[in-house]
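Reader: I would like to learn how to read charged contacts in a model. Please take me through them.
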Amino acid sequence: MDKFLIDRFGRSFPYLRLSVTDVCNFKCSYCLPDGYKGDAGGFLGVDEIRRLIAGFAELGTRKVRLTGGEPTLRKDFLDIARVVSQTPGIETVAMTTNGYKLPQRAQSFYDAGVNAINISIDGLTPERFELITGKNRFEEVMDGLNLCREIGFAPVKVNAVLLKDLNDSELDAFIQWACGGVNLRFIELMETGENRAYFDKYHLSGDVLVKKLVDSGWSETARDVLGGPARVWKHPNQEGSVGLIAPYSRDFCTTCNRLRVSAKGGLHLCLFGDGGHDLRPLLQLDSDKETLKDTVCELLDLKVAGHGLHDRHTGATPHFASIGG
Ligand code: SAM
Ligand code: SF4
């Protein structure tokens with residue numbers, strides 16, 4: 001490989017998170033509390049995505065996550081999954097979904113080449129699930145999760161945002177659930193351009209979770225190369241795992257291993273950066289691949305050491321639906 005994605009701080013980037021749409025049909029209180037309000041169009045097409053992933057794969061990308069918005073709302077989602085999974089060099093095609101219609105669609109995602117899936121479940125009762133997501137679809141999402149475990153996605157993970165007073169009373173129940181074989185991944189609530197007051201009210205440090213885990217015999221595991229900044233705990237007598245993404249913790253950014261491309265082709269070097277660098281003009285012809293690769297490598301020089309979240313600098317990200325989280 002002639003060129004490789006390594007930044008000024010020695011970090012490498014085998015992991016690309018690709019948003020395929022900004023559109024979402026849920027109203028998660030921390031993300032799109034009033035629902036999606038954009039113009040719902042102009043997203044990268046399948047050929048543009050094919051060229052993008054081919055270029056990144058030649059720069060060392062091994063894992064691509066399809067996200068959004070709600071990625072499964074794209075009518076051509078299966079075509080996208082297919083072209084990404086058929087790109088030489090891409091070993092893992094993951095997706096993150098709110099679980100909408102998952103029981104009907106999980107098998108088709110797997111057949112199209114998705115081999116890892118994260119399902120967002122922020123509450124363990126239908127009432128709490130609806131309170132946080134604005135949707136009465138708890139059973140459907142749980143059925144989808146169980147089906148994904150049977151189908152054989154490896155891994156199946158559950159994402160849950162830690163929310164003070166909204167779901168922290170369920171932490172013990174979540175951990176108990178992990179004991180039964182579920183791979184949980186808690187995410188500390190992050191501040192974005194539009195959720196400042198919500199963040200002040202509901203942000204909860206992951207320390208409370210870590211204490212519970214350590215007190216009940218869970219041990220932190222060694223970091224996996226593609227795992228990036230997530231910390232993961234296991235219990236000697238239990239099957240599942242509990243992870244934590246704690247962006248407010250010290251040194252979080254030193255293990256950053258991911259780049260992001262927005263649904264319209266903007267390269268985001270950080271979730272909390274000052275905007276995207278437009279790659280779309282370089283995705284129109286197969287023959288532009290070398291220029292695309294050179295451009296991405298040059299842009300990577302602009303990646304900074306860490307986010308400014310501690311100073312409440314949330315960059316240009318109004319909410320995660322706009323960039324894929
Ligand atoms: N719609 C899909 C879903 O919800 O799974 C994929 C996109 S969503 C933006 C990706 C992940 O980001 C979800 O697990 C969601 O809970 C998380 N998320 C959204 N806003 C967040 C915030 N402000 N802080 C932390 N996590 C957030
Ligand atoms: Fe939609 Fe996902 Fe944002 Fe919830 S977190 S509103 S499901 S994009």
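**Charged pairs and a patch**

Author: Start in helix H2 (residues 77-85), where Arg82 and Asp79 sit three residues apart, about one turn of the helix. Helices are DSSP runs of H or I, at least four residues, and strands are runs of E, at least two, both numbered from the N terminus. Their side chains, Arg82 and Asp79, meet in a salt bridge (2.9 Å, N to O). This is a predicted model: local features need pLDDT of at least 70, side-chain atom pairs count only at pLDDT 80 or more, and totals for chains, interfaces and linings use all residues. Residues are numbered from 1 along each chain as written, chains are lettered from A and ligands numbered from 1 in written order, and side-chain values use heavy atoms, without hydrogens and water.

Reader: What is a salt bridge, and how many does the count come to?

Author: A side-chain nitrogen of Lys or Arg lies within 4 Å of a carboxyl oxygen of Asp or Glu. By this rule there are 20 salt bridges.

Reader: Which distant parts of the chain does the pair Lys289 and Glu58 link?

Author: These two side chains, Lys289 and Glu58, form a salt bridge at 2.6 Å, N to O. Lys289 is in helix H9 (residues 289-300) and Glu58 in helix H1 (residues 46-58), 231 residues apart.

Reader: Is Glu170 buried or exposed?

Author: Buried means under 20% relative accessible area, exposed over 50%, and partly exposed in between (1.4 Å probe, protein chains only). Glu170 has 8%, so Glu170 is buried. Its salt-bridge partner is Arg128 (3.0 Å, N to O). Arg128, at 24%, is partly exposed.

Reader: Which residues are linked in a network of salt bridges?

Author: Asp47, Arg50, Arg51 and Asp286.
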